[in-house]
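Please open the structure in your viewer and keep the sequence beside it, so that each selection can be followed in both places. The stops below are meant to be taken in order, one selection at a time.

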Amino acid sequence: MDYQRVFAQAIERLHAEGRYRVFIDILRNKGAFPNARCFAGHNGPKPITVWCSNDYLAMGQHPAVVGAMEEALHDVGAGSGGTRNIGGNTHYHVELEAELADLHGKEAALLFTSGYVSNEATLSTIAKILPGCIIFSDELNHASMIAGIRNSGCEKHVFRHNDVAHLEELLAAAPADAPKLIAFESVYSMDGDVAPIAEICDLADRYNALTYLDEVHAVGMYGARGGGISERDDVAHRLTIVEGTLGKAIGVMGGYIAADRNIVDVIRSYAPGFIFTTSLSPVLVAGALASVKHLKASSEERDAQQAAAKKLKGIFAEAGLPTLPSTTHIVPLMVGDPVKAKRISDILLAEYGVYVQPINYPTVPRGTERLRFTPGPAHTEEMMRELANALVEIWDRLEIRLAA
């Protein structure tokens, strides 16, 4: 077999479909987000404005976070030293897990190296521990949740997105004595919509099912202390497991789960994705710890971010740009074609100094390609209007119809 030919053809298929991914070479300017420098091209760094960061609240730039990381670096050094069992457990890890458990009103929490790993490891492990477990999964769940469910090897049923009636049909058809787990997200990051958490918990109570809620796009963003949609809607106590990330609104890196002590101990003791990997650097954990503590006490960043998202949605609507209706901080601008989405992104960066990545299949279904904007506390109205003007000009140039 000509291996190189097969590999080359696989990449060529992505180019032909307009969904080959290009990573932009940038550096953020500390303390000045969303300003950054782009190194694409040959004329040195070019100033740009970042519009697609998942560091939603710019906490990765916050002085308290940066200061905590610097202090930890000089106190304990760079790396963790190994897995949690072999040299990689520090007081920073223990303290952050206590803060996260408290954030979600749970008995315990467990850190992972990423949100992907926390989903995959937890879902695959808990289903294996429960003999005959059946998992009920929202059709728009993240790839990491899908991977965890697949790797569990258990029976699964996919319910239509946020369709509580369909979920109940599937639950009712399952054996009454079978262990059941409902896995879903709070904020779905591509459409920006929110799950009916209370109604799903009602079904879990009725059919004796466990619940697993992915809050990665809501932690830090919603609730009086940043506990997510489940805190905002006062339903966190009804959930079996809450999963979150430290790499989005918290602004650093890592993932976690929060649940009762027994469940956390089971995952800690059985999940290969936790046991056999080097733990997070204490420097990262110290930064996340500072961020979580700050956001528990401060709503300033959340309020400013929500105001920015509302303002951008209004400006896009005034300009006739085709945004997908969203009740959250995510602003999806629909294009519907992968080649055009990439072309718009390229023009924005090259001509307007605007950085936003196209979102194509398989992240979203074919025909729903989009640009996904995440305005933050530091995006000004002037930036927003300049962005909207640029998009209208490009829409006209590429002969794409604006919304009515």
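Begin by selecting R84, H93, L111, F112, T113, F274, T277, S279 and L280, which line the largest cavity of this predicted model. The space in this cavity comes to about 70 Å³, and a search of the whole structure finds 1 cavity of 30 Å³ or more.

Now move to a pair of helices, selecting α2 (residues 63–76) and α11 (residues 282–297). Two packed helices are described by the angle between their axes and the distance between the axes. Here the axes of α2 and α11 come within 8 Å and cross at roughly 145°, and the crossing is right-handed. To see the contact itself, show the side chains of A64, V65, A68, M69, A72, L73 and V76 on α2, and then those of P282, V283, L284, A286, G287, A290 and S291 on α11. By class, this contact of α2 with α11 has 12 nonpolar, 2 polar and no charged residues.

From there, select G31, A32, F33, L57, A58, Q61, H62, P63, E301, P377 and A378, the residues that line the second largest pocket. This pocket has a volume of about 170 Å³, and its lining divides into 7 nonpolar, 3 polar and 1 charged residues.

Two of these lining residues deserve a view of the backbone. Most residues other than glycine have a negative phi, and most peptide bonds are trans. A58, in the loop between β3 (46–50) and α2, has a positive phi, near 60°. The peptide bond from F33 to P34 is cis, with omega near 20°, and P34 is placed in the loop between β1 (26–28) and β2 (35–38). Another cis peptide bond can be found by selecting Y361 and P362, where omega is about 10°; P362 lies in the loop between β15 (358–359) and β16 (370–373).

For the last stop, select β1, β2, β3 and β14, the 4 strands of an open sheet, which come in that order and have mixed pairing. Why is one side of β1 and of β14 (354–355) left without a neighbour in the sheet? Both stand at the edges, each with a single partner strand, so one side of each has no neighbour there. Finally, look at β3 and β14, which pair in the parallel sense over 2 bridges, and pick out V50, whose bridge partner in β14 is Y355.

Notes: Residues are numbered from 1 along each chain as its sequence is written. This is a predicted model: local features need pLDDT of at least 70, side-chain atom pairs count only at pLDDT 80 or more; totals for chains, interfaces and linings use all residues. Side-chain values use heavy atoms; hydrogens and water are left out. On a 1 Å grid over the protein atoms alone, a cavity is a set of points where a 1.4 Å probe fits but cannot get out, and a pocket is an open set with protein on both sides within 12 Å along at least five of seven lines; lining residues have an atom within 4 Å of a point. Grid points are joined across faces, edges and corners, and a volume is the space filled by probe spheres set on the points. Ala, Val, Leu, Ile, Met, Phe, Trp, Tyr, Cys and Pro count as nonpolar, Asp, Glu, Lys and Arg as charged, and the others, Gly among them, as polar. Axes are lines fitted to C-alpha atoms, for helices over the stretch in contact, and angles run from 0 to 180 degrees between N-to-C directions. A crossing is left-handed if the near helix is turned anticlockwise from the far one by less than a right angle, and right-handed if clockwise. Contact means heavy atoms within 4.5 Å. Two strands pair if DSSP finds at least two bridges between them.
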